[in-house]
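Hi,

Here is the structure I said I'd pass along. Have a look, and my notes on the charged side chains follow below.

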Amino acid sequence: MMWKVLMVEDEPFVRRTLINQIRWREFGFELVGEAEDGNEAMAFIQSKQPDLVISDIVMPGMDGLELLRQAKLVSDAKFVMLTCVNEFEYARQALEFGASGYLLKLSADEQALGQMLEKIERELRQESERKRRHLHVQLNSYTEKLWSYIEDLVEERMLAPPVVPGELPQFAAVLSVLGDQVETPEAFVSADVDWLKISSCGHTSLIGWSDDADALSPVGLDPRYRQPVFPAEGLHEAWLHSLYALNAEWYGRTDERADHTEGEARYPWRMESELNRALELTEWDRGRALLKELWRQLEVNDVLFVHVVQAAERLDRKFARMLGRPALMESHSILSIPRHGELLVRLHHKLDNDIHTAVLRQEAVTDRDDINTIIAYIHRNLRENITLKSMAKLVNIDENYLSALFPKKTGETLINYVQKSRVEKAKKLLLETDLSLTDIYEQVGFVNENYFFRIFKRWTGETPGKFRKRDK
């Protein structure tokens with residue numbers, strides 16, 4: 001990268017002598033303009049934005065000090081002032097106004113100019129790196145806010161995208177692909193473009209920023225990586241469009257759907273709530289069926305795949321909380337499943353394992369298979385009318401024999417075991433759901449509210465309402 005230089009000197013001979021004294025490119029500079037006075041120089045600075053201005057101080061019209069003062073309002077250019085021996089006070093003022101240095105005209109030979117240029121080049125490089133670091137912080141911060149905005153669209157609220165900071169580059173481009181094993185193409189590497197990479201929710205997006213629109217579509221780039229270049233303030237729409245374009249691949253379709261807008265998530269929240277409720281009530285078969293139906297509705301509604309992955313993570317945490325295991329399905333494991341059906345298989349498998357573990361944990365295993373069968377039946381069918389006679393029939397043994405055998409193996413009568421199990425399930429529903437007392441006693445198998453209250457108080461010492469209020 002060459003730094004641009006403007007030479008300002010009202011005496012043509014002096015100006016030409018200074019220009020010819022130095023091999024500019026060897027020091028990393030390129031002379032891009034000359035001016036005879038401050039007014040001409042100011043117009044050049046405003047239009048061309050040079051990196052360095054070497055200017056005489058005493059000039060007709062606008063002098064060098066006034067040029068320096070006005071230029072600092074519209075440009076970050078470095079200034080080196082040219083002065084004579086008897087103009088040292090002007091040079092001192094120039095330094096106060098922000099000049100990087102000054103040179104005496106009479107001693108401004110190649111060595112002096114070279115030393116000054118080396119100093120200025122270091123300053124420019126350090127300042128450029130500082131600005132670049134600051135820009136990266138701004139770009140990352142804005143990109144993170146924008147990604148949060150895209151994730152939150154599933155809530156179906158009227159959301160406004162984050163405001164684009166004024167110091168960001170003018171243009172942007174975005175490329176999104178499924179999976180996380182995505183390398184930035186070599187053709188993207190450019191001093192004029194800042195590329196950011198974000199991998200989340202089963203995909204990777206490459207976002208490029210630049211003030212040069214042409215630099216965002218490098219020559220020779222694989223056509224599949226070519227993306228439209230747009231003004232930076234349109235990134236939220238372009239990014240969302242690029243993500244929706246992946247839905248066909250995510251769902252395994254070949255058809256094209258119409259373009260989506262921000263309000264078209266259409267996530268089936270009611271279905272997810274029904275699934276959670278079924279699991280809270282230990283309606284395992286219904287829960288499995290609802291999970292499958294939820295996944296079908298996601299595909300029918302063409303819900304953005306990002307929101308599908310969010311749902312999988314959310315449900316996994318819910319399964320973990322309800323069924324008593326650590327949440328294991330983190331984002332990094334989902335990234336390796338960039339397909340809708342595959343994610344359902346994984347989630348369904350985890351749910352089955354969780355249900356199996358939860359049921360085993362509930363069942364007090366004895367050394368009798370017939371008693372274990374009865375215990376398992378009780379926990380899975382609390383809503384049913386469970387009697388000594390029905391359980392004896394279930395395992396095909398004599399009713400009187402079962403009446404004596406069950407307490408011998410479990411420490412309590414069958415009817416007490418059923419009541420205790422119903423009360424324990426009722427306690428869980430009271431604490432973990434907002435179900436009414438009527439809904440709860442029906443779900444756990446009590447025939448009416450009075451009987452529910454009486455048995456619950458017998459086992460806990462208080463009514464269901466007081467229990468819920470105290471523990472919550």
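Let me start with Arg-23, which is partly exposed, at a relative accessible area of 46%. Keep in mind that this is a predicted model. Arg-23 has a salt-bridge partner in Glu-26, with 2.9 Å between the closest N and O atoms. Glu-26 itself counts as exposed, at 60% relative accessibility.

Arg-16 and Glu-34 meet through their side chains in a salt bridge, 2.8 Å from N to O. Arg-16 sits in helix 1 (residues 12-21) and Glu-34 in strand 2 (residues 29-35), so this contact ties together parts that are 18 residues apart in sequence. Both ends are partly exposed: Arg-16 has a relative accessible area of 37%, and Glu-34 has 32%.

Glu-96 and Arg-92 are both in helix 4 (residues 88-96), four residues apart, or about one turn of the helix. Their side chains form a salt bridge at 2.3 Å, N to O. Glu-96 is exposed, with a relative accessible area of 53%, while Arg-92 counts as partly exposed at 34%.

Last, a network: salt bridges link Asp-76, Lys-78, Lys-119, Glu-123, Glu-127 and Lys-131.

As for the background, side chains of opposite charge can pair when their charged atoms come close.

Cheers

Notes: Residues numbered from 1 in each chain as written. Predicted model: local features only at pLDDT ≥ 70, side-chain atom pairs only at ≥ 80, totals over all residues. Heavy atoms only, no water. Salt bridge = Lys/Arg side-chain N within 4 Å of Asp/Glu carboxyl O. Helix = DSSP H or I, 4+ residues; strand = E, 2+ residues; numbered from the N terminus. Buried < 20%, exposed > 50% of the residue type's maximum accessible area, 1.4 Å probe, protein only.
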